[in-house]
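This report covers strand pairing, nonpolar cores and aromatic contacts. The sequence and structure come next.

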Amino acid sequence: MTQDIHDHERWAQALEAHPDYRVLRRLTPRMHYQEVPPGTPLIRGVVLDTETTGLNSQQDRVIELGMLLFEFDPESGVVHRVLEVFDELEDPGFPIPPAVTAIHHITDDMVQGKRIDDARVARLLQDVQVVVAHNAAFDRPFVEQRWPVFEQLVWACSVKDVPWKEEGFGSAKLEYLLQTQGLFYDAHRAETDCHALLELLSRRLPQRQHPVLLSLLETLNQAQFKLYAIGSPFESKDLLKQRGYRWSPEIRCWSRLLSNQDQIREETDWLRRRVYGDRKAVVEVESLGGTIRHSQRSGQRQTLTI
């Protein structure tokens, strides 16, 4: 068996040496990433993933919660080691839709009578400085609904908070991003997705040449605001979409995320000229911190007349 592995690796290396081939290796979960230099202060983070019965956090339920508690250097963004692996299933109290089971392969029999250990979840989150999820806007509302302790934590999103497009990547899907690193894995189970995400966070961005995790950490210290274009004319929808606004059907309003007061001033001036036609209009600005960002909870709002 060992000889077979060595043979396969030699074949893989031979293919890699040819410009017409790329080789993908199966992701091997790691507990240790880099040795800790003496005297380096480390802090704790969690990568998190959920599997659920559907997409609606108000009606659907978490049926699998995966978390990796890890230590990292907050100055360099270097991941050093995994301290604990968490993966548990939970019975939602109703049948899992077949279309959902087809994605993550979790069946009613697998979750029957099971409940995720609340006390263990709380213990694992003690002293955690940041929670990272790939598409945190999906996972965060689900876990906050089930475990309110998550509301008090600072969150980062490895989809939204990393400039993948600027770095030359064609997609922010986790499977694609790992493939650019020469790795593949069996997606859509919580623990496996967590290992894939932590591996990605440990890799370096090609342009910035620092770990992906560091880019996430830099966003935690940045203010973030959501600007709501209240009452924007229907005919401006294509213009708003091109500008980066997103439509929220529940409040029937276009909105865009901004980073600072200068951007807010620039954007309100653009809205006044291009969307509202220099007519008097009212917009709203919502302040989002790390404990609000990527959740469905509201931040502090301010009304501006433009």
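## Sheet

Gly45 has Phe70, in S3, as its bridge partner. Strand S2 (residues 43-52) and S3 run antiparallel and are joined by 10 bridges. Helices (H or I, at least four residues) and strands (E, at least two) are DSSP runs, numbered from the N terminus. The model is predicted: local features need pLDDT of at least 70, side-chain atom pairs count only at pLDDT 80 or more, and totals for chains, interfaces and linings use all residues. Residues are numbered from 1 along each chain as its sequence is written, and side-chain values use heavy atoms, with hydrogens and water left out.

An open sheet of 5 strands has the order S4-S3-S2-S5-S6, with mixed pairing; two strands pair if DSSP finds at least two bridges between them. S4 and strand S6 (155-157) are the edge strands, each pairing on one side only. On average, neighbouring strands of this sheet are turned by 25° against each other, direction ignored. Helix H8 packs on the sheet and touches S3, S4, S5 and S6, its direction making about 130° with that of S6. Axes are lines fitted to C-alpha atoms, for helices over the stretch in contact, and angles run from 0 to 180 degrees between N-to-C directions.

## Nonpolar cores

A nonpolar core is a set of buried Ala, Val, Leu, Ile, Met, Phe, Trp, Tyr and Cys residues joined through side-chain atoms within 4.5 Å. Buried means under 20% relative accessible area, exposed over 50%, partly exposed in between (1.4 Å probe, protein chains only). The largest core has 30 residues, of which Val47, Val132, Trp164, Leu198, Leu201 and Leu213 touch the most other members. At least two residues of this core come from each of S3 (62-72), S4 (79-89), S5 (128-133), H6 (174-180), H7 (190-202) and H8 (212-220). H7 gives the most, 6 residues.

Beyond its neighbours within four places in sequence, Leu213 is in contact (heavy atoms within 4.5 Å) with Phe70, Phe72, Gly77, Val79 and Leu201. A second, separate core has 22 residues, including Val46, Trp147, Leu153 and Trp155.

## Aromatic contacts

The whole structure holds 7 aromatic pairs. Rings of Phe, Tyr and Trp (its six-membered ring) pair if their centres lie within 6.5 Å; planes under 30 degrees apart count as stacked, over 60 as edge-to-face and the rest as tilted. Tyr245 and Trp270 are stacked, at 6.3 Å centre to centre with 20° between the planes. Tyr245 lies in the loop between helix H9 (237-243) and strand S9 (246-248) and Trp270 in helix H10 (residues 261-275), so the pair ties together parts 25 residues apart in sequence.

Ring pairs also link Trp147, Phe150 and Trp155 into a cluster.
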